[in-house]
Amino acid sequence: MYRKGHYGVSLLVFAPVAFVLLAIDRGDLAVVTGGAMLWLAMLPDLDHKIPGIPHRGPTHSLAFAALVGAVFAGVGTALSGVASEPLSTAVVAGGLSIAALGFAIGALAVVAHLAADALTPAGVNFLWPLSGRTYSLGLWRADNAVANYGLFAVGVFATAAAAYLGVAV
């Protein structure tokens with residue numbers, strides 16, 4: 001997928017998170033996590049710019065998603081230690097800490113990218129380095145403008161609907 005398609009899938013994956021955060025009156029975290037999801041939407045494609053790393057190789061795996069999640073968990077832990085009282089004592093929902101939310105958002109952003117790429121014939125090796133198997137639904141080519149803009153529209157709609165419902169609860 002191209003940038004618009006990846007943004008759309010990130011928004012689609014973020015929509016339930018937005019709903020929960022808004023429903024528990026944490027609009028501040030909804031804005032930050034939504035921004036982080038969009039900021040990270042293209043992270044796995046850094047492999048285009050790093051010599052020696054094949055496209056849809058290590059950066060397109062669940063191992064990379066876990067690594068990014070761990071980095072964001074560390075950021076969440078660091079922010080909890082230095083931030084103001086509301087953030088440092090924040091329990092997002094059901095005992096979920098800011099660090100756990102950081103892990104979830106970092107990992108989800110990468111998984112959303114992988115899911116979008118799995119829609120194309122080239123697919124993704126989710127289990128790198130454990131397996132060489134590529135998973136693909138083969139629905140459309142990555143350069144399909146209708147698919148990219150369609151995914152973007154669906155993601156925007158899902159996030160808007162989740163925000164509306166989360167505020168209305």
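Predicted model: local features only at pLDDT ≥ 70, side-chain atom pairs only at ≥ 80, totals over all residues.
Two packed helices are described by the angle between their axes and the distance between the axes. In the model, helix α1, which spans residues 3-23, packs with helix α6, which spans residues 145-168, at an angle of about 10° and with the two axes 7 Å apart. The residues that make up the contact of α1 with α6 comprise 19 nonpolar, six polar and one charged.

A charge placed over an aromatic ring is also found, in that Lys-4 lies over the face of Phe-152, at 5.6 Å from the ring centre.

In the pair formed by Phe-126 and Tyr-135, the ring centres are 5.8 Å apart and the planes stand at 45°, so the arrangement is classed as tilted, since it belongs neither with the stacked pairs, whose planes are under 30 degrees apart, nor with the edge-to-face pairs, whose planes are over 60 degrees apart. Tyr-135 has a relative accessibility of 25% and therefore counts as partly exposed.

Within helix α6, the position of Leu-165 was also examined. With a relative accessibility of 47%, Leu-165 counts as partly exposed, because the exposed class begins only over 50%. Leu-165 and Gly-102 are 63 residues apart along the chain, and their C-alpha atoms are separated by 23 Å.

Methods: Residues numbered from 1 in each chain as written. Heavy atoms only, no water. Axes fitted to C-alpha atoms, helices over the stretch in contact; angles between N-to-C directions. Helix = DSSP H or I, 4+ residues; strand = E, 2+ residues; numbered from the N terminus. Nonpolar A, V, L, I, M, F, W, Y, C, P; charged D, E, K, R; others polar. Phe/Tyr/Trp six-rings, centres within 6.5 Å; stacked < 30°, edge-to-face > 60°. Buried < 20%, exposed > 50% of the residue type's maximum accessible area, 1.4 Å probe, protein only. Lys NZ or Arg CZ within 6 Å of the ring centre and 35° of its normal.
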